[in-house]
Amino acid sequence: MGLTERLAGRFGYHERASAEGRRIQADRRRIRASRGRYQSMLDREATPADLEELREFVRTRRGVELYVEPETSATDTTAVAVAHDGEWIRRRVGAPSVARELASQLRIPAYDAAITGYPAAMRRYRRTDDGAQYTG
């Protein structure tokens with residue numbers, strides 16, 4: 001095994017050849033290109049892992065809608081994925097255009113949370129300490 005192969009194995013460069021690796025690289029480029037020059041000083045940047053968690057949520061739930069939240073002085077642009085029963089997750093996306101492109105790829109609707117608000121089911125949904133769902 002040559003030096004190139006050892007370094008590729010150690011630093012994960014072999015991932016770039018796989019379909020998942022290419023998607024991760026595309027996500028990184030999309031996030032960077034959409035961000036612009038400004039980044040909040042109090043928060044971390046969006047990562048491809050954030051987008052992958054949103055994809056996984058959509059794959060494993062039904063009736064998912066995406067609500068795009070604007071960037072603030074404390075947080076990056078985020079997206080909230082809400083399932084039919086109100087279960088939800090919030091992840092950083094880097095820019096509204098990234099969230100809308102992700103929604104288009106996943107064939108789910110995307111809304112501007114500042115304009116439409118959130119669905120009532122999301123407000124009713126509560127997670128208990130043991131992870132079970134409680135709607136009350």
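In what order do the four strands of the open sheet stand? The order is 3-2-1-4, and the pairing is mixed. This is a predicted model, so a residue needs pLDDT of at least 70 for local features and 80 or more for side-chain atom pairs, while totals for chains, interfaces and linings use all residues. Residues are numbered from 1 along each chain as its sequence is written, and side-chain values use heavy atoms, with hydrogens and water left out.

**The sheet**

- Strands here are DSSP runs of E with at least two residues, helices are runs of H or I with at least four, and both are numbered from the N terminus.
- Two strands count as paired if DSSP finds at least two bridges between them.
- Strand 3 (88–92) and strand 4 (110–112) are the edge strands; each has a single partner, so one side of each has no neighbour in the sheet.
- On average, neighbouring strands are turned by 25 degrees against each other, direction ignored.
- Strand 1 (residues 65–69) and strand 2 (residues 78–82) run antiparallel and are joined by five bridges.
- Across that pairing, E65 sits opposite V82 in strand 2.

**Helices on the sheet**

- Helix 3 (residues 48–60) lies across strand 1, strand 2 and strand 3, and runs at about 160 degrees to strand 3.
- Helix 4 (residues 96–106) lies across strand 1, strand 2 and strand 4, at about 175 degrees to strand 1.
- Contact means heavy atoms within 4.5 Å; axes are lines fitted to C-alpha atoms (for helices, over the stretch in contact), with angles from 0 to 180 degrees between N-to-C directions.

**The tyrosine cluster**

- The whole structure has two aromatic pairs, and Y67, Y111 and Y118 form one cluster.
- Rings of Phe, Tyr and Trp (its six-membered ring) pair if their centres lie within 6.5 Å; planes under 30 degrees apart are stacked, over 60 edge-to-face, and the rest tilted.
- Y67 and Y111 have ring centres 5.2 Å apart and planes at 35 degrees, so this pair is tilted.
- That pair links strand 1 (Y67) with strand 4 (Y111), 44 residues apart.
- Y67 and Y118 are also a tilted pair, with 6.0 Å from centre to centre and 45 degrees between the planes.
- Y67 is buried at 6% relative accessibility, while Y111 is partly exposed at 29%, and Y118 is partly exposed at 29%.
- Buried means under 20% relative accessible area, exposed over 50%, and partly exposed in between (1.4 Å probe, protein chains only).
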